[in-house]
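Q: I would like to learn how to read a protein model. Please show it and take me through it step by step.

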Amino acid sequence: MPKVNEKFVCKLEDIIKNTTLRDDSLQNALNFVAFLRKHNIIGKGTHGQVKIDNVEYQWSDPVDNDVINPVDKYTVMGAWVEIFCKTTSICFLSLDPNKDTAPWTFWPVGEYDVDYDNIPICEQTKIIAQQNAKICTLCDDKCTAAKPKAIFGETFDKVCIFHMEFIDPIAETLECIQSLMLMKNELICR
Ligand SMILES: [Zn+2]
């Protein structure tokens, strides 16, 4: 094991597999990452923190010739992940399987308030996105700027720094999230 504050390198999938996530929550989280890999959306710079056997490590997804740390012998108690596409931060994940309420949570970065040319977003995706609007309940200091924001044409008051929050998404909700990530990826790759 690397020492505290040293870089812990392993694939995001292996982090997820070695948490205590179970059943649909586990499968949906793995499916989501598989989708991002398939579309080359997980890029260099993807990093975060992992808590392994009660010790926090700086984690990053392997690139190039990185030496990979074995994580399969340990239990990941939790993780905080920021995913980069190219050089742009596109979403955050929290893996907190020890909490009954939120085994994993997803937050997309940025604005999702308009239709973009040539990127069709289906009505069901827009509705699910709106249903998961993140209304600030004074969650932390970063959200003092909570303000009215539109999500695909519907305006909500007091929206957090992350406009949406998806807690333990079911398969149908995952399709929405994946559409949002494809849209972001296309914008970044143009
Ligand atoms: Zn907030």
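Q: Where does Lys158 lie?
A: Helices (H or I, at least four residues) and strands (E, at least two) are DSSP runs, numbered from the N terminus. Lys158 lies in strand β9. This is a predicted model, in which local features need pLDDT of at least 70 and side-chain atom pairs count only at pLDDT 80 or more, while totals for chains, interfaces and linings use all residues. Residues are numbered from 1 along each chain as its sequence is written.

Q: Is Lys158 buried or exposed, or something in between?
A: A residue is buried if 20 or more other C-beta atoms, placed from the backbone, lie within 10 Å of its own, exposed if 12 or fewer, and partly exposed in between. Lys158 has 15 other C-beta atoms within 10 Å, so Lys158 is partly exposed. Its phi is positive, about 50°, although Lys158 is not a glycine.

Q: What is the phi of Asn54, and where is Asn54 found?
A: Asn54 has a positive phi of about 70° and is not a glycine either. Asn54 is found in the loop between β2 (47-52) and β3 (55-60). Asn54 counts as exposed because it has 7 C-beta neighbours inside 10 Å.

Q: Which residues of α2 are buried?
A: In general, an α-helix has 3.6 residues a turn, so residues three or four places apart point the same way. In α2, the buried residues are Ser25, Asn28, Ala29, Phe32, Val33 and Leu36. Seen down the axis, they fall within an arc of 130° (taken from the directions from the helix axis to the C-beta atoms), so they line one face of α2. Asp23, Gln27, Ala34 and Lys38 are exposed on the other side of α2. After α2 comes Asn40, with a positive phi near 55°.

Q: What do the buried residues of α2 pack against?
A: Packing is read from contacts: two residues are in contact if their C-beta atoms, placed from the backbone, lie within 7 Å. The buried residues of α2 pack against α1 (12-17), β6 and α4.

Q: How many residues has α4, and what distance does it reach?
A: The expected span of a helix is 1.5 Å times one less than its number of residues. Helix α4 (residues 171-189) has 19 residues and reaches 26 Å from its first C-alpha to its last, close to the 27 Å expected. Its buried residues are Cys176, Ile177, Leu180, Met181, Lys184 and Asn185.

Q: At what angle do α3 and α4 pack?
A: Axes are lines fitted to C-alpha atoms, for helices over the stretch in contact, and angles run from 0 to 180 degrees between N-to-C directions. The angle between α3 and α4 is about 100°, and their axes are 9 Å apart. That makes α3 roughly perpendicular to α4 (65 to 115 degrees). Thr125, Ile128 and Ala129 in α3 meet Thr173, Cys176, Ser179 and Leu180 in α4.

Q: How many residues has the largest nonpolar core?
A: In soluble globular proteins, nonpolar side chains tend to be buried together. A nonpolar core is a set of buried Ala, Val, Leu, Ile, Met, Phe, Trp, Tyr and Cys residues joined through C-beta atoms within 7 Å. The largest one here has 41 residues, and those with the most contacts inside it include Val50, Ala129 and Ile177. Strand β4 (residues 76-85) gives the largest share of this core, five residues.

Methods:
Angles under 35 degrees count as roughly parallel, over 145 as roughly antiparallel, 65 to 115 as roughly perpendicular and the rest as oblique.
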